[in-house]
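Welcome, and please open your viewer. We will take a short walk from one selection to the next.

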Amino acid sequence: PVPTISWRRADGKQVPRKARRHRSSGLLEIPNFQQEDAGLYECVAENVRGKNVARGQLTFYAQPSWIQRISDVHVAIEERVSWECRASGRPKPSYRWLKDGEPLLPQGRVQLEQGSLTIPNVSLSDAGMYQCVAENRHGVILASAELSVIAIGPDFSKTLLKKLTLVKVGGEVIIECKPKASPRPTYSWKKGRDILRENER
């Protein structure tokens with residue numbers, strides 16, 4: 001006689017409640033398939049003469065999707081730049097980096113690790129358009145950001161200038177010169193109009 005058909009999961013979990021069973025055709029339909037629905041399923045056909053079981057593995061795959069993108073950065077020369085991009089997907093995505101469309105390799109000052117890129121000491125040559133690429137066998141996605149490197153002339157506007165009074169002849173005086181500047185400036189000192197030269201004092 002025509003067998004009755006039922007479905008079950010071989011791993012002991014319940015068949016998803018959202019699943020629809022079409023008894024006449026023996027079809028199992030799972031709408032909105034998710035990771036938790038993956039597993040080994042069994043179709044059981046049974047009549048008075050006996051039963052038979054067919055097994056099938058359902059595996060969840062997903063193309064990459066961004067969790068965290070990179071964004072434009074404006075930094076001064078010799079500052080630190082750090083970007084991180086993260087993507088979800090099944091299987092887990094791998095990452096690579098491009099600069100102005102060309103593959104970027106971990107070399108010299110550029111440090112790459114999975115979805116992170118770090119340049120500890122930026123120079124003008126680092127400026128450009130960077131792309132983080134996340135990919136698995138089901139898809140490829142890109143996130144782009146521009147690195148702008150700017151130079152800053154020496155700025156003393158935030159430096160506090162103090163009048164120093166010697167209380168004791170022969171005492172030591174330290175005067176700090178710390179302007180905001182990029183790249184790092186060279187220094188020279190004057191007393192009045194005369195350039196100070198280093199000597200024993």
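Which residue in S11 is the bridge partner of Lys-99? Select Glu-102, and you have that partner. A word before we move on: this is a predicted model, where local features need pLDDT of at least 70, side-chain atom pairs count only at pLDDT 80 or more, and totals for chains, interfaces and linings use all residues. Residues are numbered from 1 along each chain as its sequence is written, and side-chain values use heavy atoms, leaving out hydrogens and water.

Stay with S10 and strand S11 (residues 102-103), which pair in the antiparallel sense over two bridges; strands are DSSP E runs of at least two residues, numbered from the N terminus, and two of them pair if DSSP finds at least two bridges between them. Now click Asp-100: the hairpin of S10 and S11 has two residues between the strands, and Asp-100 takes a positive phi near 50° there.

Next, select strand S14 (residues 128-136), which runs antiparallel to strand S10 (residues 94-99) and is joined to S10 by six bridges. Within S14, Cys-132 is the bridge partner of Trp-97.

Then jump to Tyr-187, in the loop between strand S17 (180-182) and strand S18 (190-191). Tyr-187 counts as partly exposed because its relative accessibility is 47%, and that class lies between buried (under 20% relative accessible area) and exposed (over 50%), with a 1.4 Å probe and protein chains only.

Finally, zoom out to show the whole protein: it has zero helices and 19 strands, and buried residues make up 28% of its 201 residues.

Technical notes: Helices (H or I, at least four residues) and strands (E, at least two) are DSSP runs, numbered from the N terminus.
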